Amino acid sequence: MPRVLAVLLLGLYCLVVHAGPVQDVSDLIPRAEGGDAAAQFSLGTAYDTGHGVEQDYLKAALWYEKAAKQGHADAQFNLGAMYDEGVGVHEDVKQAIYWYEHAADQG
């Protein structure tokens, strides 16, 4: 249970501190499509929150996944949360734990 609590606290920290202000989406798209994990995370955040674009949880999950697969801890956590809650993806506890653990392993 302490690990689960740590993961949840990490998530709150990531949402408050690391999401940061969303940049101009027109600048993010080419960088994200080019494989920039930070841009992919920021674009995922934009779609997740609806800042600068129409809110779209499916697109948020897709961009978070691209960044998460490159080791972006914040994207890993956010993707885990989406699987945990079934937002933008089918609810899948195993996938949620997988991504939460990857994020937690990075501190």
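User: Helices (H or I, at least four residues) and strands (E, at least two) are DSSP runs, numbered from the N terminus. Which helix holds both Arg-31 and Asp-27?

Analyst: This is a predicted model, in which local features need pLDDT of at least 70 and side-chain atom pairs count only at pLDDT 80 or more, while totals for chains, interfaces and linings use all residues. Residues are numbered from 1 along each chain as its sequence is written, and side-chain values use heavy atoms, leaving out hydrogens and water. Arg-31 and Asp-27 are four residues apart, so about one helical turn separates them. The helix that holds both is α2.

User: Which residues are linked with Arg-31 in a network of salt bridges?

Analyst: A salt bridge is a side-chain nitrogen of Lys or Arg within 4 Å of a carboxyl oxygen of Asp or Glu. Arg-31 meets Asp-27 at 2.9 Å, N to O, and Asp-36 at 3.6 Å. The residues linked with Arg-31 are therefore Asp-27 and Asp-36.

User: Is Lys-69, which pairs with Glu-65 in a salt bridge, buried or exposed?

Analyst: The side chains of Lys-69 and Glu-65 meet at 3.3 Å, N to O, and both residues lie in α4, four residues apart. Buried means under 20% relative accessible area, exposed over 50%, and partly exposed in between (1.4 Å probe, protein chains only). At 24%, Glu-65 is partly exposed. At 60%, Lys-69 counts as exposed.

User: How are α3 and α4 oriented to each other?

Analyst: Axes are lines fitted to C-alpha atoms, for helices over the stretch in contact, and angles run from 0 to 180 degrees between N-to-C directions. Angles under 35 degrees count as roughly parallel, over 145 as roughly antiparallel, 65 to 115 as roughly perpendicular and the rest as oblique. The axes of α3 (residues 37-49) and α4 (residues 57-69) come within 8 Å and cross at roughly 160°. The two helices are therefore roughly antiparallel.

User: How are α2 and α3 oriented to each other?

Analyst: The axes of α2 (residues 25-33) and α3 come within 8 Å. Their crossing angle is roughly 135°. This pair is therefore oblique.

User: Which residues of α2 make the contact with α3?

Analyst: Contact means heavy atoms within 4.5 Å. On the α3 side, the residues are Ala-39, Gln-40, Ser-42, Leu-43 and Ala-46. From α2 come Val-25, Leu-28, Ile-29, Arg-31 and Ala-32.
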